[in-house]
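Okay, thanks for making time, everyone.

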Amino acid sequence: MSWGGLVWSEWHQLDSAEARAIPREAGIYRLRCRGEPELIYIGISVRLGSRLGGLRRARGRQDRRGHYAAACVAENEKLGKTVEVSWATVGDMDRRELMGREVDLIAVHRNRFGSPACQFHGQLKPNDDC
């Protein structure tokens, strides 16, 4: 599957064995609630597996420290939504280029759906839906 000039993995539940086996390579990841076209978060990491492991741990902490989207992801899960992840590795792309790609993908998403719900320390509001 292709989006934004990248080849993306299939969607996997955030806690699945497949999601836990994400490569420890540089890349971009995206989160959504199962069955919804809108993304809830777009992120980058020089080690995807470590970053997403940090998200899984942070959403279970009381203070949600460790990942910007943890509180918002946890809130979606509390509402009974299944959060899924998909990723694209980027080879030896430097961090500056990686950040540029993240910004580009967020802009593409904003043009169609608005900002991803958990982006920019987003929090769900009472009437928001994933």
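**Charge pairs and pockets**

Let me start with lysine 78: its relative accessibility is 63%, so this residue counts as exposed. One thing to keep in mind is that this is a predicted model.

So what does lysine 78 pair with? Its side chain meets that of glutamate 75 in a salt bridge, 3.7 Å from N to O. Both residues sit in helix H3, three residues apart, which is about one turn of the helix. Glutamate 75 is partly exposed, at 29% relative accessible area.

In total, the count comes to six salt bridges. Now to arginine 59, which has a salt bridge to aspartate 15 at 2.5 Å, N to O. Arginine 59 lies in the loop between helix H2 (48–58) and helix H3 (70–78), while aspartate 15 lies in the loop between strand E3 (12–13) and helix H1 (17–20), so this pair ties together parts that are 44 residues apart in sequence.

Is arginine 59 buried or exposed? It's buried, with a relative accessible area of 12%. Aspartate 15, at 32%, is partly exposed.

Arginine 59 also forms a salt bridge with glutamate 77, and here the closest N and O atoms are 2.6 Å apart. That pair again links distant parts of the chain, 18 residues apart: the arginine is in the loop between H2 and H3, and glutamate 77 is in helix H3. Glutamate 77 is partly exposed, at 27% relative accessibility.

H4 gives the most, with five. By class, we have 10 nonpolar, five polar and four charged residues around this pocket.

The second largest pocket holds about 200 Å³ of space. Which element gives the most to its lining? H4 again, with four residues. Strand E4 (27–33) and H4 each supply at least two. The lining residues include Trp3, Trp11, Arg30, Arg32, His109 and Phe113. By class, that lining has six nonpolar, one polar and four charged residues.

That's my tour, so let's open it up for discussion.

Terms used:
Residues numbered from 1 in each chain as written. Predicted model: local features only at pLDDT ≥ 70, side-chain atom pairs only at ≥ 80, totals over all residues. Heavy atoms only, no water. Salt bridge = Lys/Arg side-chain N within 4 Å of Asp/Glu carboxyl O. Buried < 20%, exposed > 50% of the residue type's maximum accessible area, 1.4 Å probe, protein only. Nonpolar A, V, L, I, M, F, W, Y, C, P; charged D, E, K, R; others polar. 1 Å grid on protein atoms, 1.4 Å probe; cavity = no way out; pocket = protein on both sides within 12 Å on 5 of 7 lines; lining within 4 Å. Points joined across faces, edges and corners; volume = space filled by probe spheres on them.
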